[in-house]
Amino acid sequence: MAQTAKKQSGRPAQTMVVQSGNEIAATAAKQINYHVMGYYPITPSTEVAETLDTMKAEGEHTIRMIPGDGEHGAAGICFGASTAGGRVFNATSANGLLFAFEQLPVQSGERFPMVFNIVTRAVSGPLDIRGDHSDIMLAMNTGWIALMAADAQAVYDMNVMAPKIGEEMSVRLPVFVAYDGFFTSHQKRRVEIFADDQVVRDFLGPFVPTVSSVDPRTPVTIGPYMNDPDQINNKKQQSDAIVRSYDVIRKVFAEYEELSGRRYDLVECYRMEDAEAALFILNSAAETAKEAVDALRKEGRKVGLIRPNVIRPFPIEEVRAALKNVKGLVVADRQDNFGGWGGAMAIEVKAALQGVKGNATQVAARVFGTGGKEFFVEDAAAMLREALEIAKTGTVKVPYAYFGVNPGDPSFHPAKAFAPITEAEASGLLRVETTADGKMEVKGNILRNLTERPKRISPGHGACPGCGIFVNMNTFMKGIEGHAVILFHTGCGMVVTTGYPYTAHKITYIHNLFQNGAATLSGVVEMFEERKVRGEIPKDEKITFIMVTGDGGHDIGMGPSIGAAMRGHRMIICEYDNQGYQNTGSQLSFTVPLGQSTSTSSYGPYQHGKSTHHKDTAQIFAACHVPYVCTVAESNPRDMIRKAAKAQKYSDGGLAFVKMISMCPLAWKTEERMSVPIIQASVDCCFFPLYEVEHGVTTINYDPEEKGKKVPVTEWLKHMGKTKHMLKPDCKSELDRFQAEVDRRWVRLKEMHKNPLL
């Protein structure tokens, strides 16, 4: 939605658009036309990559977009790209930023500029996807310049200015642009942008590398081992660079004002001319607080507001100048430096004031709005009234406190959700016997009888209608005898079953993040075994340990899972493969097949869905030489239950891996009632063959060719909105390549079935 472009005062024409903070960040990146974006989806920053991908499919930019295997990998992609002499861009949030954390000081310490949008969000745990500043404040001291965008207009403007700041030859540092998750990232606002992309590119000029890792005529060594005294000298040079950025930022801000007509100062002061009491607060909350300032001014109260646009380098002189007449100040932080008696900004402001001789400003540190808690005008007014009281009395009665918390009732104890499932209730229906030739056979696999087994996951969870996760898991768990402990990676399965204070799990449940579930459950397994050795747990206690992953979890979490496999922990890993990062809005995962459309592998004139073939995780784990690997589908329930029983038996001697194809009607763009036909079509076309690998020996459990049921992949693809475009003439190349790859893998699997040595 745009208005007619306007040209005023000799400035380039600008257009009014209505976009969210994420959309406008993508618009700025498109206008800059970065060389490379390394990225990985995480709420609430994912829309930046999604929007750019949609634009790319329509031919609006030529940014090379590279999906990482996780945020750490994405940050590595960005670092590598920045050494090769071009402009680099990324966006993330919260735990994504923390997972990339190791790379942040590498990027700044090696002095390679890039721009990184931080869509601020609460850092886990417990898991919370809403906005606060706990992520950006943890990253504040990694050597990056940090710009703070209070609204969507500032997101656009700061994204345009950021490359020019970081690329300045006297600086050469990476730049954060931080804006509030959901408050700014998802709210649509009117934003002025330059009508012609070339205006932005001319403002920035061409990228000028200082060194390049891809110039063989001038070989360089990047990131050498550096001992003392060189290391401290290097850090001094880095420090000098960020100090120099102080003046560079002001210079770029002034140049941008001349170009756009919009003014940015290092610190914005609102009605501070005669203020005796003030509120210091960041980003979107400051816009709310301005209304409180206006209201108190009408009462005759001399109050004001301070909001920095830059926090690294910290604008120390501007803050001191703003506070020169202030007697009472409340610094409100949307995060806490636990044990530091205040959030990061409170500590910074107090430190700044220490250098002012005779300073009379008394400061109270308040922590507010963590986990996305709403901040209202009344809240800002209460903080300002507290600042007025401090100014009046000259004392701070409570130097550090949380604002707006509910202490709760210490006598409250949550009711037990479910009675424990006894071993007797969960046992006695199945048994696994070893035949004379050493093969395992499952007895008692009668569906009618197995309906008596209590479900380990109860009804009442919040999954979408038709979600395959719980069909798969409840069917699979019918084959598990006795006690079990289950761990879920972050993902749809986790989110919809454990919204505090409720749970849908009838057995012990653990959560850890995508990247570390297998390592976590490994620790649980080994502690259980060690406590049995020490006599702290009965030696005959039997528990089956199961990790559940999906929603692309075996991209970011593959390394730890392979580590668990190689160590041989006694556990089962179940992967529900719903072919995308469905919990964050159906982005590209490496399990997505060739040509299929996701929100970061869009179909359009210039891009035909995902450009690479799908990851075969079952074969990856088979290559780890674990005792048991199998694939299962809800359309073949008895086969799934039989394999669950075998996986449990095999997990007595090591790790077992189970891969499930899992319907996601929302992301697959189909009707939930079509679940079984769609899943069966994926099996019959041999995209998802049903087989097992026992100690390296492969057995195909269902051969559609033998049964006369084999169909082309189009019989699967035609049922789903995410794949129907593959039947169009312009996607014939992708369709042919996909069919050929499915056929190749099927033929290879048949040869493995014939020959136990393969």
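The buried residues of helix α3 pack against β2 (36–39), β4 (88–92), α4 (94–99), α5 (103–109) and α18 (553–556), so let's start with that helix and then step back to the whole chain. Please keep in mind that this is a predicted model.

- The residues of α3 that are buried are Glu71, Ala74, Ala75, Cys78, Phe79, Ala81, Ser82 and Thr83.
- An α-helix has 3.6 residues a turn, so residues three or four places apart point the same way.

**Overall fold**
- The protein chain contains 25 helices and 27 strands.
- A compact globule of 758 residues would have a radius of gyration near 27 Å, and the 29 Å of the protein chain agrees with that.
- Along the principal axes, the C-alpha atoms fill a box of roughly 90 × 65 × 55 Å.
- If you take the contacts between residues at least 6 apart in sequence, 77% of them join residues at least 24 apart.

**Burial, surface and charge**
- Of the 758 residues, 56% count as buried.
- The protein chain exposes about 31800 Å², with 53% of this area supplied by carbon and sulfur atoms.
- Side chains in the protein chain include 84 positive and 86 negative ones, and the centres of these two sets lie 1 Å apart.

Notes
Residues numbered from 1 in each chain as written. Predicted model: local features only at pLDDT ≥ 70, side-chain atom pairs only at ≥ 80, totals over all residues. Heavy atoms only, no water. Helix = DSSP H or I, 4+ residues; strand = E, 2+ residues; numbered from the N terminus. Rg over C-alpha atoms; globule rule 2.2 N^0.38 Å. Buried < 20%, exposed > 50% of the residue type's maximum accessible area, 1.4 Å probe, protein only. Contact = heavy atoms within 4.5 Å. Areas by Shrake-Rupley, 256 points an atom, 1.4 Å probe, with all protein chains shown as cover. Lys, Arg positive; Asp, Glu negative; His and termini not counted. Charge placed at Lys NZ, Arg CZ, Asp CG, Glu CD.
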